[in-house]
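Let's take a walk through this structure together, one piece at a time. Have the sequence and the 3D view open as you read.

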Amino acid sequence: MLRRVGVVVGLSLAGLVAGSVPAFAGDGWGYSDCIQYPNPGCELSVGKGSRGNSHPNAEGNHAQGQSKGNPGNANPGSGGDTLLGGGQNLANCSYQRSDFHPPSDAAQPAAFIPPWGTGVAAVQPAMFTLPAPGAQPQPVVEPPPGQLGAWYVYQCSGPGFRDAVYRPPVWIPDGPRAGAPPSPAELAEQARSQLRLPAPRIMASPRNEQLVGLPTWLWLERGSWGEVSATAAVPGVSVTAVAHPRSVSWSMGDGTSFTCAGPGTPYPVGADPKGTSPDCGYTYRWPSAGQSDQAYPVTATVHWTVTWSGAGQAGVFPDMTTTFATAFRVAESQAVNTGGG
Amino acid sequence: MVTGNVWAVLVAASTVVVAGCSSSPSGGTPRVAGSSGAPPSATAPLAVSPADIARQQATAAYLGMWQDMAAAATTSDWQSPRIRQHATGDALLVISKSLYTDHLNGVVTKGAPTDSPMASSVDSPSAPITVMISDCGDSSNWLKYRNGQLFDDTPGGRRSITAEVKKQPGGSWKVTRFAVESLGSC
């Protein structure tokens with residue numbers, strides 16, 4: 001008789017799990033990923049939830065250099081703002097001036113200050129360099145011509161960051177911008193940049209191998225399907241950004257795609273093997289033999305709505321997406337159904 | 001028989017792809033550089049248009065850029081002169097930043113990406129200066145290492161890439177911008 005148990009298939013089946021946790025940089029394009037690192041050029045992106053008009057400075061703003069063994073570090077000023085994490089979503093990022101400079105052929109500021117050493121005491125990172133919300137998307141210029149500033153690298157620590165590696169340098173212009181407190185919308189952008197969308201795993205039943213003609217149940221690991229929030233604050237102003245998972249688009253690798261309204265229903269122990277998932281399932285019609293690796297590449301893309309509120313204001317950010325990938329082997333049912341029927 | 005049906009479908013799909021690649025985006029009308037007034041012979045081999053040349057050179061520049069980056073990434077040499085060969089502007093900046101970050105973290109990247117670029121558009125049929133490239137790059141064999149160990153458990157995979165390639169004042173083609181999507185985006 002067929003016995004099915006819901007298991008994690010993401011790693012055991014194909015080992016092709018990709019998430020949006022910002023620590024991932026393990027392939028050669030890791031630091032080019034437009035979702036994680038909205039570099040100049042990402043405005044070419046064809047959508048898919050990337051934020052093409054973002055400036056990398058959105059990564060964070062409290063360039064309080066924590067001068068661990070950093071000889072040229074300017075510990076710039078005091079009394080800067082801080083980012084308050086929304087509970088488990090707290091990400092503590094610290095910035096340090098770097099000795100990075102663009103290749104001579106690349107974009108370069110007209111007046112570039114050598115980052116290490118000289119002029120350190122005069123440099124104070126500016127806060128909140130984002131364009132006003134609602135501004136038209138425009139090509140990112142990094143750094144803007146003529147702007148004084150420096151390249152900073154940063155490290156983040158907190159849950160989900162497995163070690164404090166440096167992130168790609170971002171351009172932070174010199175400050176200060178005296179007497180201009182951040183607007184709620186600017187704070188909201190900071191909070192948004194600190195959202196840490198989870199990387200749930202793709203679950204499916206049957207385990208190991210799907211069977212032609214037998215319903216496959218699809219769902220995402222429960223614990224990580226839920227609201228995610230982060231808060232940014234300066235004295236007197238606090239703004240929270242909240243991401244809600246809205247739907248999951250599944251691509252089954254055989255040309256079929258569909259959207260499920262929720263994370264899907266785990267296959268209950270002892271349920272009818274021929275039963276279909278009440279809300280998210282699929283039945284393969286062809287075996288995966290002949291595919292690359294003899295398996296169908298499967299992706300699940302979670303769509304998030306992102307809103308913010310605080311200081312008496314509220315707004316909506318563009319949707320974000322996180323994509324997770326795995327692969328399903330699909331066998332002819334009679335080839336596997338040897339345990340009796 | 002099921003297996004036979006699958007192969008029939010695959011063969012049909014392959015045929016469609018091949019046909020799609022061979023059709024000219026400019027409408028199939030061969031263009032001849034310089035106007036000689038003589039109509040091209042219907043049976044002669046297709047003349048190579050300026051747009052075709054641009055597509056070919058832009059695609060080569062695009063591939064060259066990732067080869068250059070892969071070479072520099074084996075030592076995370078963010079100041080390598082090689083990365084300037086096929087990239088400029090924002091594209092060069094992003095590559096250099098990426099290599100610098102790896103250099104700072106003591107990380108190197110082994111292997112090389114697998115790319116399958118296609119020129120998706122050319123700005124002018126007669127005097128092109130901008131070619132857009134669409135690619136589905138595979139980083140499965142282009143992973144980062146630190147101290148001989150894989151840097152993290154991201155196994156690499158396919159990423160949708162859009163790139164802008166522009167003709168340079170000296171006549172060469174260089175990638176000016178690119179956008180790399182998430183793993184699994186193609």
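This is a predicted model: local features need pLDDT of at least 70, side-chain atom pairs count only at pLDDT 80 or more; totals for chains, interfaces and linings use all residues.

Residues are numbered from 1 along each chain as its sequence is written, and chains are lettered from A and ligands numbered from 1 in the order in which they are written.

Chain B holds three helices and seven strands; here helices (H or I, at least four residues) and strands (E, at least two) are DSSP runs, numbered from the N terminus. Read from the N terminus on, its elements follow the pattern α-α-α-β-β-β-β-β-β-β. Chain B has 186 residues, and 42% of them count as buried, where buried means that 20 or more other C-beta atoms lie within 10 Å of the residue's own, exposed means 12 or fewer, and partly exposed lies in between, with C-beta atoms placed from the backbone. Among contacts in chain B with a separation of 6 or more, 57% come from residues 24 or more positions apart; two residues are in contact if their C-beta atoms, placed from the backbone, lie within 7 Å.

Now to the sheets. One is an open sheet of four strands in chain B, with the order 2-3-6-7 and antiparallel pairing; two strands pair if DSSP finds at least two bridges between them. Its edge strands are strand 2 (118–122) and strand 7 (173–183) of chain B, each pairing on one side only. From one strand to the next, the twist averages 20°. Within this sheet, nine bridges link strand 3 (residues 130–138) and strand 6 (residues 158–167) of chain B in the antiparallel sense. To see one of them, find B:Gly137, whose bridge partner in strand 6 of chain B is B:Arg159.

Helix 2 (residues 50–73) of chain B packs on this sheet and touches strand 2, strand 3, strand 6 and strand 7 of chain B. Its direction makes about 60° with that of strand 7 of chain B; axes are lines fitted to C-alpha atoms, for helices over the stretch in contact, and angles run from 0 to 180 degrees between N-to-C directions.

Helix 2 of chain B also packs against helix 3 (residues 89–105) of chain B, at an angle of about 20° and with the axes 11 Å apart. The two helices are therefore roughly parallel to each other, since angles under 35 degrees count as roughly parallel, over 145 as roughly antiparallel, 65 to 115 as roughly perpendicular and the rest as oblique. B:Met65, B:Met69, B:Ala72 and B:Ala73 of helix 2 of chain B meet B:Ala91, B:Ile95, B:Leu99 and B:Asp102 of helix 3 of chain B.

The other open sheet described here has three strands of chain B in the order 1-4-5, again with antiparallel pairing. Strand 1 (108–111) and strand 5 (149–150) of chain B stand at its edges with a single partner strand each, so one side of each has no neighbour in the sheet. Four bridges join strand 1 of chain B to strand 4 (residues 142–146) of chain B.

In chain A, look at helix 2 (residues 184–193), where nine of the 10 residues are buried. Finally, the contact of the chains takes 46 residues from chain A and 48 residues from chain B. On the chain A side, strand 5 (166–173) and strand 14 (313–331) of chain A each supply at least two residues.
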